Amino acid sequence: MPIVLQIMIREWKRIFTLSVHYWALVVMPPILFFLYAGIYQEQKVYDLPIAVFDEDNSAATRQLIFLLEQTETIHFTRSVNNYDELRDAMRRNEIMGAVHFPRRMEANIKSRKPATVTLYTNAAYLVPAKLIYKDAASVLLTGGSGVILQKLVKKGMEPAKAMALVQPIVVSTYSLYNPNYNYRLYLVPGLITVAIQMMIIMAAVLMLNYERTTKTLEELVVLAGGSASNIIAGKTLAHLTVSWTNWVLVAWVIFPAFDIGSTLGGWKFFTLYSLMALGCIGLGAMVSAIAKDTMLAIDVGLFYTSPAFVFSGYTFPKWGMPWYDQFYAQLLPYSWFLEGYIKIFTMNLPLAFAWPEIRGLLWFIIVSYPIAVLVFQKQCNKILGV
Amino acid sequence: MIKKITSCFRIAAREIRIIAIDHSLLLTLLLAPLLYAFFYGSIYINKEEVNVPLAVVDDDQTTLSRLITEQLNNTQVIDVVGAKDVNHAQYLLDISKVQGYIYIQKGLEEKVMGLQQANMVLAVSVSRFLPPSDLLSAVTQVSMTVSAGVRLQYFKKKGMTEAIAMQETNPVTLDYRPLFNERTSYGAYLLPGLLMLILQQTLLIGLAASMARERQEHTMGELYALAGDRFTTAFTGKGLFYFILYAIYALFFLTVNFSILDLPIRGDYFSLVLLIALFIATLIPMAMWIGSLFKTQVLAVQIMGFSTYPFFLITGYAWPYEELPPVLQALSAILPTTPFLQAYTSIVQQGGGGAQILPQVAHLAALWLAYSVFLAINVRRKFRT
């Protein structure tokens, strides 16, 4: 049997028997994948607790309260009688927003005096605040438009012309790739893949140096005939194939089970995933060859990979970050993978569109493996006394 | 009593010696908190999303369409990118040069002037978190402003005075007041919690690693000997150093980092300090208990490294607690982060004080007790013999 295959099989055995490998590559993946998918099981936010501060108590305000209650996110749970009570309820996290209808609102509208409806949100929690604003603004602005429309029609204007004056420009919105703003669709794949990057690197940084801890390095070097490239190739193949099992878990179990994406995995996703995995294994092998101390290697792996999600631009866009943070983002395989993933999976574009990202991932492979082989070859030579 | 206090300080000094010779602990406990606080903090230093690229296809090429384009470009959120047709705009979207596009139909101005409804198409890519909602909101705002301008001109032409025309244009106004984060900026929302999460995770990883090290190096007997064979003295002494260190970090973050990142503390400072002290005190037995479950330091750091995102995501800070499945709600409730972030947000961002956070304080105290009991049971079971 070729030496590379022997080393691969040996590495498989290590992966399934050594706790530092099987925890990261076998045990943690399903736990984290199901956890992330479970967090966003509801997909959207429903019925957030809102207070009503109604000083008018008129038919118009009751109608508006009814319409607001029909939206997805707004659910009136209590009424408040003043601003201080409103703020206090927010500080106690009892409500996430409030709507204030001023005294004489209906009468003012009828007598041509402007009326102001105030919407308060607890913007310390950004996601609920934005959702409440979206739903409330839609209802309240439609209500305002209705008032204008009624007035114009009452004055004898044709309904079509009145409508054109109320809303001269209609904006038809198409929300592409995730029309319902489903949080599960766009957060779960990102969280799962960033976890995969971390798992691969955290296991790979122990790929070579942990042989010293288990006192098996010499045996390995002898088996490989002193060739660092054979060792790294065999171990890389073992880690890559194990990472494919996680791809199967994600693309063939988690995504279909939680209704993420319209296709089962697909070769485009597989190609990009494999490139990311190879890049991560290469980086891990490089660290593992350079850092003989396993704790140091783990620390480097942890501090390098843990910020990947926030630096990727998935939540806060990269163009909003200072240049040095944007630069650091380029040094993470995940940033490249994510851009490519959005194109080929979320947007379902041909793989060619992800060429810039593929090129970026290839650089990690081109740089990391030769360094790992060169550094580790010196150690092999020393062991063999060459 | 004095003997116990002396033992505690002696054990704390031993902990300092261990950290000084263990570069991993040194890195995690002394370098990482400060490095992360500045590094992560800098991502959101601009706080708000600005200049999201939006392609505009203007088939009308009139004064009104140019006004709309100009208005879009004048918003803080949008950076207009020209596109010659819809296919070109879609291509720009495909290669990630823009995050959406808007199509202004031919004859838009003519229709508007002739009191006919005109149409504009907005396509946004909902593949990321912030850009689609910000683009949608900015475009809606511009279209409403332009619509109001059209109505105003119409009413003035009908002979109304400026004041009456204004009233007729918008009889019902929506006054939106986002409280406690007036600009609804992502940075102002995330940064205060993120700084505390950095504090929590470095403490959990570092202290769990230190406990695993005791087990790996078989030094628990030495710790007990210094404590006069008393559990409370041994672990109070071990935790004491971490409590002091992390209290200093917390004060540093609240003064230096909050000041650099221009984050206000709106509520009662004294209540905040007490709350953070209780939080750190709760994390210490939790970290020790978790650490005592691991046989090696490497494994402790490796596994705890995966805890950061799950811990944050199930606390209710990023996604409403009520929307979590019951199992995850239960898991969330046993994390000190959950009550802490609620109380911390109430004080730091919402201007609250001690009176508003009593349930969370009780929750944290209960967790402190629970983790101390877990630690005692596990340590007695595994190490005393």
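Reader: Before we start, what does contact mean here?
Author: Contact means heavy atoms within 4.5 Å. This is a predicted model, where local features need pLDDT of at least 70, side-chain atom pairs count only at pLDDT 80 or more, and totals for chains, interfaces and linings use all residues. Residues are numbered from 1 along each chain as its sequence is written, chains are lettered from A and ligands numbered from 1 in the order in which they are written, and side-chain values use heavy atoms, with hydrogens and water left out.

Reader: OK, chain A. What share of its contacts between residues at least 6 apart join residues at least 24 apart?
Author: That share is 76% in chain A.

Reader: How many helices and strands does chain A have?
Author: Chain A has 17 helices and 5 strands. Both are DSSP runs, numbered from the N terminus: helices are H or I with at least four residues, strands are E with at least two.

Reader: Is chain A spread out or compact?
Author: Spread out. Its radius of gyration is 29 Å, well over the 21 Å that the globule rule gives for 386 residues, so chain A is more spread out than a compact globule. The radius is taken over C-alpha atoms, and the rule is 2.2 Å times the number of residues to the power 0.38. Along the principal axes, the C-alpha atoms of chain A fill a box of roughly 100 × 45 × 40 Å.

Reader: What percentage of chain A is buried?
Author: 59% of its 386 residues. Buried means under 20% relative accessible area, exposed means over 50%, and partly exposed lies in between (1.4 Å probe, protein chains only).

Reader: Can we pick one residue? Where is T271(A)?
Author: T271(A) sits in helix α12 of chain A, residues 267-290. With 26% relative accessibility, T271(A) counts as partly exposed.

Reader: Switching to chain B. How many helices and strands there?
Author: Chain B has 16 helices and 5 strands. Its radius of gyration is 29 Å, well over the 21 Å from the globule rule for 385 residues, so chain B is also more spread out than a compact globule. The box for its C-alpha atoms is roughly 95 × 45 × 40 Å along the principal axes.

Reader: And what percentage of chain B is buried?
Author: Buried residues make up 59% of the 385 in chain B. Among its contacts with a separation of 6 or more, 77% are between residues 24 or more positions apart.

Reader: Which residues in chain B have a positive phi without being glycine?
Author: F180(B) is one, with phi near 70°. D229(B) is another, with phi of about 65°.

Reader: Where is F180(B), and is it buried or exposed?
Author: F180(B) lies in the loop between β5 (172-179) and α8 (186-216) of chain B. F180(B) counts as buried, because its relative accessibility is 3%.

Reader: What about D229(B)?
Author: D229(B) is in the loop between α9 (220-226) and α10 (231-260) of chain B. At 46% relative accessibility, D229(B) counts as partly exposed.

Reader: Now both chains. How many residues are in contact?
Author: 117 residues of chain B are in contact with 117 residues of chain A.

Reader: How much area do they bury?
Author: About 10,500 Å² between them, with 66% of it on carbon and sulfur atoms. Buried area is the accessible area (1.4 Å probe) that two parts lose on being put together, summed over both.

Reader: Which three residues of chain B supply more of its buried area than any other three?
Author: F306(B), Y309(B) and W319(B). They supply 8% of the area that chain B buries against chain A.
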